[in-house]
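Subject: Structure handover

Dear colleague,

Here is the structure I said I would pass on. My notes on what was found in it follow below.

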Amino acid sequence: SVIELSSSQSESASSSSSSSDGEEAGGSGGARKKKKRYEGDKFGVVLPPGFLDPLPSKQKQVMAVSCSESSFALAAVSDRQFWKAGDFDDSSGGDWSYSGGMDHVRVHPRFLHSNATSHKWVLGAFAELLDNALDEIRNGATYVAVDMVQNMKDDSKMLLIEDNGGGMSPDKMRHCMSLGYSAKSKMANTIGQYGNGFKTSTMRLGADVIVFSRCRGVDGERPTQTIGMLSYTFLRSTRKEDIVVPMLDYEKRGQAWSKIMKSTAGDWENNVDAIVNWSPFTSEENLLQQFDHVKNQGTRIIIYNLWEDEEGQLELDFDANEHDIQIRGVNRDDKSIEMAQRFPNSRHFLTYRHSLRSYAAILYLRIPPQFRITLRGKDVAHHNIVSDMMMSQEITYRPQPGSEGIPKSSNMVAVVTVGFVKDAKAHIDVQGFNVYHKNRLIKPFWRVWHPPGSDGRGVIGVLEANFVEPAHDKQGFERTTILARLESRLIQMQKSYWTTNCHKIGYAPRCSKKDLTNGNVSTVSSFSDFFADNTSFFLSVDSPFETSTTRARAANKGRAKTADLPASVRDKVSKKSGKDDTTTPRKRPSSAARLAVDGSGSSDEDRESNSGGSRPSPSAAAPRVKKSEASEKRRVSPASTPPAFNDDEPSPLNPHSNALARIEEENQLLKLRLQKKEEEILGDVLVDLQSEKEKCESLETQLELATRKYEELSKEQECLINLFSEERKRRDADEALLRDKIKEASSTIEELLKKIRMLERKNS
């Protein structure tokens, strides 16, 4: 009838009263405090301590009671905050006297609070209760409903979690209320495994919980229904030193439900009184009415006395959204809520920390199609964040077994789907991996890479890692070697994906120059491709801003990219290079000539070309070679002999003539290029203009058709209105005619009745 999760006080009290003197004297070892004996003057009767002390005055007793009540009331007010609920003064040390046999470990009610502190995040407590409902799919569950209901006693808000699973028998209910019992750890495809989730989650959401569960009869047993209350308020207010859980059990015999008496009728009444006094319900009949919601099987959980924040408001916000349950405080960010409206594909990342609807949508990787999660009267739409990705890739990860304590198993594999969120081009800071374990989300948007700056933004991923063990609160993983290696591999995946693809969403390329030249990166940015192509073009074609040195360097660099140029430009380049190659061949100047020009054994052209890392082309070096040969001839020949020059080489008497011709030629080339560019741009503009014109024409045609259709529909509507009005008039006329006929018939009947009466009178 009353479950105590450790040894009971009544057992200790009864055993201590029956313990013998020898038990107290021997075997205690000084660990237990001996009871003092007080003997009377004549009979030697053992009296309790303080029995013969004078009684206090009545005024002092009243003051003591009032002080204790006021202090308890103040404590109750301050303890509505979860993180302060465990800070209360329990001066009672309890009865630890020897009870014979083996001692039991006692569990103080304060443990309920300290055990619930494993949930740092309140939405994680909701997830535990949803897990229990999802595990009931194997017993026929088709839905779980989370809602807010009103307390009929004080009109406060309560949480309701209800499912239509297999329910709990009386024994299973006792296991649920106890610590560490879990049959699911031996079952496949179940989430629960530690036997602690119900206690931690309910006590994290509120101070008290009452459970109604109905179970079908299986294996020849009768159907049962059980009521159990786990109340932190009850345990503290009555100063219990063990966790006591009042319970009521019923079984169905025929069409009626009868009580299951596990002890005396007085114990049954004590359980009823405890539940009625410390629950939101006013009578046993009111308690039994809750099973009307459960139907044939299922469980109905009501959590009341919900925790408050530092400002005296409920920690859970039921008013922000009528179809959602949200969290107040630091988890709620108005900026993130506003961004979620602008970037719908990033909505779950921005809102899952404070919104139960957003968190429940991504809580499970897969949900059976026949199962529904309902939150405050509206179904939660299941969401897989893979649908929020673009340019996604799948990578298979297998940890290498046998090293660093990693076991060998064929199940140690995870398929990682990684990609950019569809809102990544807006450069918002959204990134992380959703890591699932046995279909349950353990690490939402786990941020494994923490680089400075904007690297890694927009990259999200999904994987199911069943080979990593989750922590007890299912909000993280145990820090093991396997987890460390998985984290390291995820960092590598995100780095590689970001470095390769970041330019596609508007970031500067992260590829090094060496990777670009060696072709180690599969793709580069469109801007870098354009720059490379245009660089080769400008290095291949003469420019008025070039010097002889830059032309010499560009000669070899430009040949590799000449084939990639447009056909018209390639023809001009070939003509230009052909003209240079058909100049009159020159002999390479001798060393004496070079010494005469430079005096140091090397000419300026050689020094510049060597510093540039390439050999000058014949066309670029020809003028300087002719100067060297002319200087040599002037030194060798007599002064009266005039120097001879070719027509092709620049004359020293007129050094600016060829330079001017070159500039004009280059000017013509630039004009041709500019004209071609203008034609291309103008052509693109004309094409765009034509397409826009066609769009406008099509829209005008559609508008005209829509206008015509609207006019036709208006005419049809007018015709229908006229028909209806005519029909109504006709019906009104028929109705008036019928009424007239009815009146005539009535008058005829009255006349006939009068005649009948007259005939009767005559006959009489």
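**A buried arginine in a loop**

Arginine 376 counts as buried, because its relative accessibility is 14% and the cut-off for buried is under 20%. The place of this arginine is the loop between β11 (372-375) and β12 (378-379). Arginine 376 also has a positive phi, about 50 degrees, although it is not a glycine. Please keep in mind throughout that this is a predicted model.

Asparagine 305, which is not a glycine either, has a positive phi of about 55 degrees. Asparagine 305 is found in strand β8. With a relative accessible area of 22%, asparagine 305 is partly exposed.

**The chain as a whole**

The protein chain has 22 helices and 17 strands. It has 764 residues, and 37% of them count as buried. Taking contacts between residues at least 6 apart in sequence, 69% join residues that are at least 24 apart. The chain exposes about 45700 Å², and carbon and sulfur atoms supply 53% of that area.

In helix α7 (residues 197-205), nine of the nine residues are buried. Among them are Lys199 and Arg204, as well as Phe198, Met203 and Leu205.

**Salt bridges**

Arginine 300 forms a salt bridge with glutamate 162, with the closest N and O atoms 3.0 Å apart. Arginine 300 lies in strand β8 (residues 298-306) and glutamate 162 in strand β3 (residues 157-163), so the pair ties together parts that are 138 residues apart in sequence. Both arginine 300 and glutamate 162 are buried.

Aspartate 429 forms a salt bridge with arginine 457, and here the closest N and O atoms are 3.8 Å apart. This pair links distant parts of the chain, 28 residues apart. Aspartate 429 is in the loop between β14 (414-421) and β15 (432-437), while arginine 457 is in the loop between β16 (440-446) and β17 (459-464). Aspartate 429 counts as partly exposed, at 32% relative accessibility. Arginine 457 counts as partly exposed too, at 26%.

Aspartate 734 forms a salt bridge with arginine 730, the closest N and O atoms being 3.3 Å apart. Because aspartate 734 and arginine 730 are four residues apart in helix α22, about one helical turn separates them. Aspartate 734 is partly exposed at 34% relative accessibility, and arginine 730 is partly exposed at 43%. The pair belongs to a network in which salt bridges that share partners join Glu727, Arg730, Arg731 and Asp734.

**Surface patches**

Which residues gather in a patch of negative charge on the surface? They are Glu678, Glu679, Glu680, Asp684, Asp688 and Glu692. Glutamate 678 is found in helix α22, which covers residues 656-763. At 46% relative accessibility, glutamate 678 counts as partly exposed.

There is a nonpolar patch on the surface as well, formed by Leu682, Leu686 and Leu689. Together these leucines have about 310 Å² of accessible area. The place of leucine 682 is also in helix α22. Leucine 682 is exposed, because its relative accessible area is 51% and the cut-off for exposed is over 50%.

**One further distance**

The C-alpha atoms of glutamate 338 and threonine 351 are separated by 10.0 Å, and these residues are 13 apart along the chain. Glutamate 338 is in helix α11 (residues 334-342). With a relative accessibility of 37%, glutamate 338 counts as partly exposed.

Regards

How values were computed:
Residues numbered from 1 in each chain as written. Predicted model: local features only at pLDDT ≥ 70, side-chain atom pairs only at ≥ 80, totals over all residues. Heavy atoms only, no water. Helix = DSSP H or I, 4+ residues; strand = E, 2+ residues; numbered from the N terminus. Buried < 20%, exposed > 50% of the residue type's maximum accessible area, 1.4 Å probe, protein only. Contact = heavy atoms within 4.5 Å. Areas by Shrake-Rupley, 256 points an atom, 1.4 Å probe, with all protein chains shown as cover. Patch = residues over 30% accessible without salt bridge, like charges linked within 9 Å, V, L, I, M, F, W, Y side chains within 5 Å. Salt bridge = Lys/Arg side-chain N within 4 Å of Asp/Glu carboxyl O. Lys, Arg positive; Asp, Glu negative; His and termini not counted. Charge placed at Lys NZ, Arg CZ, Asp CG, Glu CD.
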